[in-house]
Number of protein chains: 2
Amino acid sequence: MAPSSRNEIHFGPFEVTEQVFHRTANCYALVNIKPILPGHVLVIPFRPVQRLTDLNTSEVTSIFTTVQKVQKMLAKVHFKSISQEEGSIEDGSFNIAIQDGKESGQTVPHMHCHIIPRTRVEEGEKGEGDGIYDRLQGEEGNVGGGLWDLWERPEQKGKFPVIEDEDRIPRSKEDMNREAEFYREQMALLD
Amino acid sequence: MAPSSRNEIHFGPFEVTEQVFHRTANCYALVNIKPILPGHVLVIPFRPVQRLTDLNTSEVTSIFTTVQKVQKMLAKVHFKSISQEEGSIEDGSFNIAIQDGKESGQTVPHMHCHIIPRTRVEEGEKGEGDGIYDRLQGEEGNVGGGLWDLWERPEQKGKFPVIEDEDRIPRSKEDMNREAEFYREQMALLD
């Protein structure tokens, strides 16, 4: 059943209610339309301010303790190895990043904190190491936040090719909703 | 006068007391041995934990409200234009970044939050835009946190060339201390 409008959650101009997997009084956690690595999610204040400095102390506390809680959930899911039932924080790392203002690559003018799980690179395996920040920055900040700009973009027709390559096709709502549902269940299982 | 040992501040294994420009009960702000842009500084908890998830709620609140306060000071100093007495947050942006664990590029195992001011790129001018994350990540996380590893490294002698190029020579303690003193004064002037 569609949520009533008073419970709708917005990220900038986008209605993202079904893609939200965790809520507190002040903020929410959102799956990504275009994760640059598996588990790349966003934590966002309900109040649609643009800048980190616009947040009051309650919001700051809520956002970054939520980042911690989401990290613990993501570690259980994304850092587990073949020999483990579930992963823990010590089994991997995270890039935590805020593009605070347009000169830093922010495209959706609603403050959001990226959480990007990083896992060990096996010997001889090409890892994501050096590429991660290129990918976060490379599309002029269009990864994560900015790719929500594609949310309602109509399919491109006609003779001009779509500029985005295979890797850059945003996910369907169905994909995102499935992931949000899974993370929602996993958050509920946290201590 | 040298500070007494009980007031010494450490960043991982490094004694950084004189390079600290702001303190709260739980954290401090430090100038950078190798800023990747002017005003690139670090906010660090006194408690030498490695991971964001190791912090308690008081520490989380202290660190990120200190980030906000340091941003306001940096904006006044670094975002001012010719026509302004002082800059404000709206005149520029910041990258806020935490390398949380070694797979994300963390080299000093003491949690630290990077604050990197970003300014407008003038028309036709080559800006730092796309390069910023390359530079943060490119040396395997050795920028900011990691370059503190050079702190006590003896000058390289003999026939093998120093690997670092001109741009990568860390600053002297004197340079850092001067910047710390300036920022200390500016922090005191904040509302």
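**View 1. The fold of chain A in this predicted model.** Along the sequence, chain A runs β-β-β-β-β-α-β-β-α-α, giving 3 helices and 7 strands. Here helices (H or I, at least four residues) and strands (E, at least two) are DSSP runs, numbered from the N terminus. Of its 191 residues, 50% count as buried, where buried means under 20% relative accessible area, exposed over 50%, and partly exposed in between (1.4 Å probe, protein chains only). This is a predicted model in which local features need pLDDT of at least 70 and side-chain atom pairs count only at pLDDT 80 or more, while totals for chains, interfaces and linings use all residues. Residues are numbered from 1 along each chain as its sequence is written, chains are lettered from A and ligands numbered from 1 in the order in which they are written, and side-chain values use heavy atoms, with hydrogens and water left out.

**View 2. A close look at A:Gln71.** Find A:Gln71 in helix α1 (residues 57-78) of chain A. At 0% relative accessibility, this residue counts as buried. Its side chain makes a polar contact with the side chain of B:Asp100, at 2.8 Å. A polar contact is a pair of N or O atoms within 3.5 Å; within protein, one must be able to donate a hydrogen and the other to accept it, and residues adjacent in sequence count only if both atoms are side-chain atoms. Leaving aside residues up to four places away in sequence, A:Gln71 touches A:Ile89, A:Phe94, A:Ile96, A:Ile115, B:Leu52, B:Thr53 and B:Asp100; contact means heavy atoms within 4.5 Å.

**View 3. A:Thr66, also in helix α1 of chain A.** With a relative accessible area of 4%, A:Thr66 is buried. A polar atom of the A:Thr66 side chain lies 2.6 Å from the backbone oxygen of A:Ser62. Beyond residues up to four places away in sequence, A:Thr66 touches A:His22, A:Thr24, A:Cys27 and A:Val43.

**View 4. Where α1(A) meets α3(A).** The axes of α1(A) and helix α3 (residues 173-189) of chain A come within 10 Å and cross at roughly 110 degrees. Axes are lines fitted to C-alpha atoms, for helices over the stretch in contact, and angles run from 0 to 180 degrees between N-to-C directions. Among the residues that meet here are A:Met73 and A:Leu74 in α1(A), and A:Phe182 and A:Met187 in α3(A).

**View 5. The start of α1(B).** B:Asn56 caps the N-terminal end of α1(B), with a side-chain oxygen 3.1 Å from the backbone nitrogen of B:Ser58. Of the 22 residues of α1(B), 16 are buried, so this helix is largely enclosed by the rest of the structure.
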